[in-house]
Amino acid sequence: MNPAIITAALTGPIATTRDNPNLPVTPEQIAAEAKAAYDAGAAVVHVHVRDEDGNPTADVAVAERTTRLIEEACPVHVQLSTGVGLSVPFEDRAGIVEARPRMATLNVCSMTFGGGEFRNPPEGVRRLAARMRELDVIPELELYDTGHLDMALSLLEEGLLVEPLNVSLVLGVRHGGMAATPENMLKVVRELPAGTAWQVIAIGRTNLQMTAMGLALGGNARTGMEDTLTLRRGVPVSNNAELVRRLVGVARALEREPATVEEVGTLLGSHSERLAAGA
Ligand code: KMH
Ligand code: ZN
């Protein structure tokens with residue numbers, strides 16, 4: 001079976017060390033967790049950077065320093081979040097790609113997100129997608145609802161994206177995202193363009209079941225303390241590597257080896273070649 005790309009989402013925008021004292025928030029803690037997640041089988045780390053008070057920030061210097069510390073610790077692919085945090089204005093969030101990570105998320109639609117508003121204005125999303133093309137920062141499209149795919153395909157038709165797309169199906173954001181159900185997952189997966197690299201992200205208590213289902217369907221999967229702070233009801237996560245080891249175990253039970261950094265590099269590398277060829 002094809003290798004499974006395992007991504008570790010180390011910190012996220014919402015939790016604090018009060019929610020789980022093991023949450024990595026400083027650049028040094030994030031780099032150490034990235035190394036441990038890599039050693040456990042993750043080929044990509046999804047990173048929200050935090051300021052010295054532990055708050056989400058789009059500060060490019062902090063993003064560059066965090067990325068550099070990760071790259072010094074291990075060869076994992078760094079995917080910076082342009083979602084950053086709900087309290088950060090879109091234009092500031094978009095600026096984080098100036099840190100020129102290998103990958104960054106592209107949230108294609110605005111939505112209610114938990115108790116707040118997650119603003120992704122269409123023209124801003126188009127400008128960000130264009131800037132990512134210019135910088136050869138590979139976009140990871142975050143789809144929180146079935147209709148978000150329509151916007152992603154519009155960006156592709158407008159020449160703002162190149163194929164194969166990298167897509168995350170984000171299930172279970174309450175309130176505002178599509179429910180974490182097999183029906184919703186299958187509805188989006190069936191409409192993805194052929195050749196799309198896709199992963200399942202599942203927020204909260206369905207994290208393991210839904211990501212396991214994504215692996216069983218031949219997709220990739222994400223885990224990490226951004227998505228779940230507990231291993232099971234009442235059992236807090238000790239660290240991100242623990243979640244990665246659990247998901248790698250599921251992949252191997254399904255006869256899928258975790259993809260190596262080199263395998264993912266080959267996949268991502270072709271994106272840069274297509275950009276250079278003016279795809
Ligand atoms: N910032 C959250 C509201 C991303 O990483 O780009 C959603 C998020 C998406 O975390
Ligand atoms: Zn995120």
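Predicted model: local features only at pLDDT ≥ 70, side-chain atom pairs only at ≥ 80, totals over all residues.
Residues are numbered from 1 along each chain as its sequence is written, chains are lettered from A and ligands numbered from 1 in written order, and side-chain values use heavy atoms, without hydrogens and water.

**Exercise 1.** Determine whether the radius of gyration of the protein chain agrees with that of a compact globule.

*Solution.* Step 1: the radius is taken over C-alpha atoms, and the globule rule is 2.2 Å times the number of residues to the power 0.38. Step 2: for 279 residues the rule gives a value near 19 Å; the chain has 17 Å, which agrees. Step 3: the C-alpha trace spans about 45 × 40 × 35 Å along its principal axes.

**Exercise 2.** State what share of the residues is buried (under 20% relative accessible area, 1.4 Å probe, protein chains only).

*Solution.* Buried residues account for 54% of the 279 in the chain.

**Exercise 3.** Describe the lining of the second largest cavity.

*Solution.* Step 1: on a 1 Å grid over the protein atoms alone, a cavity is a set of points where a 1.4 Å probe fits but cannot get out, and lining residues have an atom within 4 Å of a point. Step 2: the lining includes Pro139, Leu141, Asn166 and His271. Step 3: by class, the lining has six nonpolar residues (Ala, Val, Leu, Ile, Met, Phe, Trp, Tyr, Cys, Pro), two polar and no charged (Asp, Glu, Lys, Arg), the others, Gly among them, counting as polar.

Notes
Buried < 20%, exposed > 50% of the residue type's maximum accessible area, 1.4 Å probe, protein only. 1 Å grid on protein atoms, 1.4 Å probe; cavity = no way out; pocket = protein on both sides within 12 Å on 5 of 7 lines; lining within 4 Å.
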